[in-house]
Amino acid sequence: MKPGVLLSARQAGKAFMQNGKPRWACRDVNFDLYPGEVLAVVGESGSGKTSLLRLLAARLACDEGSVHYEVRSEQANETNGLTDLAQMSEAQLRRLARTDWGFVEQHARDGLRMNVSGGANVGERLMALGARHYGRLRQEALSWMERVELDTARIDDLPGTYSGGMQQRLQIARNLVTQPRLVFMDEPTTGLDVSVQARLLDMLRELVDELQLAAVVVTHDLAVARLLAQRMLVMKDGCVVEQGLTDRVLDDPQHAYTQLLVSSVLTP
C-alpha cells in the first residue's frame, strides 16, 4: 500500500448464501483512496455497488480479502497508519462511524431520526462525542443548516415536514458536523427533481472541496460521477470491470460493458 493512503481494499469480497451456495455480491475489489479524493462506483442495479459501499463502511464483513483505513489517534490529531477493519472492535467501529466517517443514505429518512427536530438531528452526533452545552449545540446546528442552505427558521421542525431535497441536505449536515475525513454516499440524488438534484450536487462539490473530504459515491448516474469524482470504478455482476480517472473512463471507455453504459447515456 502506498504512503498517504486513507482507505484501501485488497481482493475484498462479500458473499450471501442463496439456495445453500454462496452468491458473490462483490469480489476481488482492489483500490486505494487518498485524502481529499472522491471515488465514484457506477453500474446498473444489482451490480454490487451498494454491497461494496457497505463493505467499505464496515457495515458488512469481508468474506474474502480486506479493507484497511488510516485510523486517527484519539489522544491527538495524528494517524496510526492503516488498520484492518476486521481487527477493530465493535466499539472502535462505532466511534469511527460517529467521528471520522459519514454515511449518506439513499433515502434520507433512513439516515435521520424522524421523531426529533432538524436541529437535534445535526447536534446528535456531537452529543455522542460528549458535547452537552445546549447553546453551543444549537449554534452549531444553525451554522450547518445555513451551510447546506436550509432555512434556519426550520431548526425546531420535524424532518417529516421537510421536502425530500431538504431532508437530504439535513442528512448531509448531520454527517458533516463532526468534520469527518471520509464520507460514504449511496445514490445521494435518487428520487429528487432535476433542479433539486443539480443544486444538491453543486453544494456537495463545494463542501467536498472546502472541507477536503474524501468520499466514495455510489451512483447509477454517470453525470453525477463526472461532476463529483476524480476517479471511477465500473462494476458488473459484482466485479470491477474498469477503473481509472473519471474523464478518461467516460471519454474513452475500454471495457465493452463501460462502452454500453456510456452509449446508453449518450444515445437520445
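Strand β8 is mostly covered, with 6 of its 6 residues buried, where buried means under 20% relative accessible area, exposed means over 50% and partly exposed lies in between, for a 1.4 Å probe and protein chains only. The model is a predicted one, in which local features need pLDDT of at least 70 and side-chain atom pairs count only at pLDDT 80 or more, while totals for chains, interfaces and linings use all residues. Residues are numbered from 1 along each chain as its sequence is written, and side-chain values use heavy atoms, with hydrogens and water left out. The names of helices (H or I, at least four residues) and strands (E, at least two) refer to DSSP runs numbered from the N terminus.

In a regular strand the side chains alternate between the two faces of the sheet. In β8, Ala214, Val216 and Val218 point one way, Ala215, Val217 and Thr219 point the other way, and all are buried. Strand β3 (residues 38-42) is likewise described as mostly covered, since 5 of its 5 residues are buried; Val38, Ala40 and Val42 point one way from β3, and Leu39 and Val41 the other.

Strand β3 runs parallel to β8 (residues 214-219) and is joined to β8 by 5 bridges, with valine 38 opposite alanine 215 and valine 42 partnered by threonine 219. Strand β3 is also joined by 4 bridges to strand β9 (residues 231-236), again in a parallel arrangement, and here alanine 40 stands opposite methionine 232. Strand β8 pairs in turn with β7 in the parallel sense over 5 bridges, and the partner of valine 183 in β8 is alanine 215.

Rings of Phe, Tyr and Trp (its six-membered ring) pair if their centres lie within 6.5 Å, and planes under 30 degrees apart count as stacked, over 60 as edge-to-face and the rest as tilted. By this rule there are 3 aromatic pairs. One of them joins tyrosine 69 and tryptophan 101 edge-to-face, at 5.4 Å centre to centre and with 80 degrees between the planes. Because tyrosine 69 lies in strand β4 (residues 64-72) and tryptophan 101 in strand β6 (residues 101-104), this pair ties together parts that are 32 residues apart in sequence. Tyrosine 69 counts as buried at 0% relative accessibility, and tryptophan 101 is buried with a relative accessible area of 3%. Phenylalanine 103 and phenylalanine 184 have ring centres 6.1 Å apart and planes at 35 degrees, so their pair is tilted. That pair links strand β6 to strand β7 (residues 182-186) across 81 residues, and both phenylalanines are buried. Tyr69, Trp101, Phe103 and Phe184 form one aromatic cluster.

Among the helices, α1 (residues 49-56) is mostly covered, with 6 of its 8 residues buried, including Leu52, Leu53, Leu55 and Leu56. Helix α1 is followed by alanine 58, whose phi is positive, near 65 degrees.

Key:
Two strands pair if DSSP finds at least two bridges between them.
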